[in-house]
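Please look over the sequence and the model below before reading the report.

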Amino acid sequence: MLAEFKSHIENSFPHLLESKFILACSGGLDSVVLTHLCHACKLKFALAHCNFQLRGAASDRDEKFVTDLAKNLAIDFYVTNFDTNEYIAKNKVNVQLAARELRYDWFASIMQDNAISTLVTAHQADDNLETFLINLSRGTGVDGLTGIPSITDSISRPLLAFSREQLMQYAKAEKLEWVEDSSNADVKYLRNKIRHEIVPELKELHPTFLRNFELTQFHLKGANAILRNHIELLKSKIFETTESGFRIAIDELNVLQPQSAYLYALLKDYGFTAWLDISRLLAGLSGKEVRSKTHRLVRDRTYLLLEEIELNEVQSFTIEEGQHEIQTPIHLTITEVDAIKDMTSNILYVDKDSLKYPLIVRKWEKGDYFYPFGMTGKKKLSKYFKDEKVDIISKQKQWLLCSENEIVWVIGRRPDRRFSVFEGTKKIVRITVST
């Protein structure tokens, strides 16, 4: 197996030959075999072990085992302890998710502190099969059936080409020692139930089941690549870039069949799961929206508007007299000038004496009105936006510059004439917004 592993690294993971990496080691069979294989290939790496303090003395035993393994092989190592139960109580997550979040956050911090770009994990072919069956049991798309990727941006999994049986044979032949995690035998966990009860039955039904599964997954990955290429080409045609994200013509979506499948393929990467609500949005009223944890999709006349949700966005900011610049919530510069020169939508000239400080930069609100420059009388902002065909998301993102309760500037769009420079103006202020 060593020769096969070395060839596999050279052909598929050449980056592991070039620079040092972190190897996640639990002390179990898979990670111990991977450690010995990498050491035998003279790769440069350090072990990293997490003690989740969930199994008392057994957890401490595993930590000592990995520490001794690293010392015996003269390998650098990192060890940390987590109060996992406290994390579970605080974040309201289950044991598996808590352990995953804790260890990967810690791995990332080690890598950042030591300028290491790759984490290597010991996932193998049977893990891939188990993940496939878990996703299948829960309901998934093609992505969920293509299995664990062998390489992502920062994680490499060189053992995915090898079965658990191959690892066991190598460990016995090399007389390797490892530790067993008793929780891996507890079939109350779905993965363990699949591992110990379902997969053995499948392998008994067909002796080459794992190999057949790998071949099937190879074809699924190919089909998924074709699908992704088609979807990316379609997105380039119907996703129109805007200041805040994308807008998608509803007419373009209505001709796609099967529509539900296309909506899933086009929008799943933005975290959406409420597919029935999104289908209804196509025939809904303007202003209706559907949200994921990271994005929102808003119906606006003949378009769906897609944008990332901004968390804890600042809603207003004050500008004191004498202050010449603000960086948040938008970048404004304020200077006194002798005359009006450049005239663009991003520059406003006002009569300084008409301003009452502190000025306020805020979002527009229902009932706001102003006296648009170049027009007679006052106008509600809602009517102004409608006449200018400003979409819903752009309206929600619109900033106003105000003097007390009066709008000075619908920033970047239209000034209020009450603050304009006139023949008797003594001091001129230029206000510039940087986009």
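This is a predicted model: local features need pLDDT of at least 70, side-chain atom pairs count only at pLDDT 80 or more; totals for chains, interfaces and linings use all residues.

## The five-stranded sheet

Five strands form an open sheet with antiparallel pairing, in the order S6-S7-S10-S9-S8. Strand S6 (239–241) and strand S8 (289–291) are at the edges and have a single partner strand each, so one side of each is left without a neighbour in the sheet. Neighbouring strands are turned by 25° against each other on average, with direction ignored.

## Helix H11 against helix H13

Helix H11 (residues 209–238) also packs with helix H13 (residues 259–267), at an angle of about 85° and with the axes 10 Å apart, which means that H11 is roughly perpendicular to H13. On H11 the contact is made by His230, Ile231, Leu234, Lys235 and Ile238, and on H13 by Tyr262, Ala265 and Leu266. By class, the residues of this contact are six nonpolar, one polar and one charged.

## The second largest pocket

The second largest pocket has a volume of about 800 Å³. Its lining comprises 28 residues, with Glu243, Ser394, Lys397, Gln398 and Arg413 lying nearest the centre, and divides into seven nonpolar, 10 polar and 11 charged residues.

At least two lining residues come from each of strand S10 (303–308), helix H16 (392–397) and strand S21 (428–434).

Key. Residues are numbered from 1 along each chain as its sequence is written. Side-chain values use heavy atoms; hydrogens and water are left out. Axes are lines fitted to C-alpha atoms, for helices over the stretch in contact, and angles run from 0 to 180 degrees between N-to-C directions. Helices (H or I, at least four residues) and strands (E, at least two) are DSSP runs, numbered from the N terminus. Angles under 35 degrees count as roughly parallel, over 145 as roughly antiparallel, 65 to 115 as roughly perpendicular and the rest as oblique. Contact means heavy atoms within 4.5 Å. Ala, Val, Leu, Ile, Met, Phe, Trp, Tyr, Cys and Pro count as nonpolar, Asp, Glu, Lys and Arg as charged, and the others, Gly among them, as polar. On a 1 Å grid over the protein atoms alone, a cavity is a set of points where a 1.4 Å probe fits but cannot get out, and a pocket is an open set with protein on both sides within 12 Å along at least five of seven lines; lining residues have an atom within 4 Å of a point. Grid points are joined across faces, edges and corners, and a volume is the space filled by probe spheres set on the points. Two strands pair if DSSP finds at least two bridges between them.
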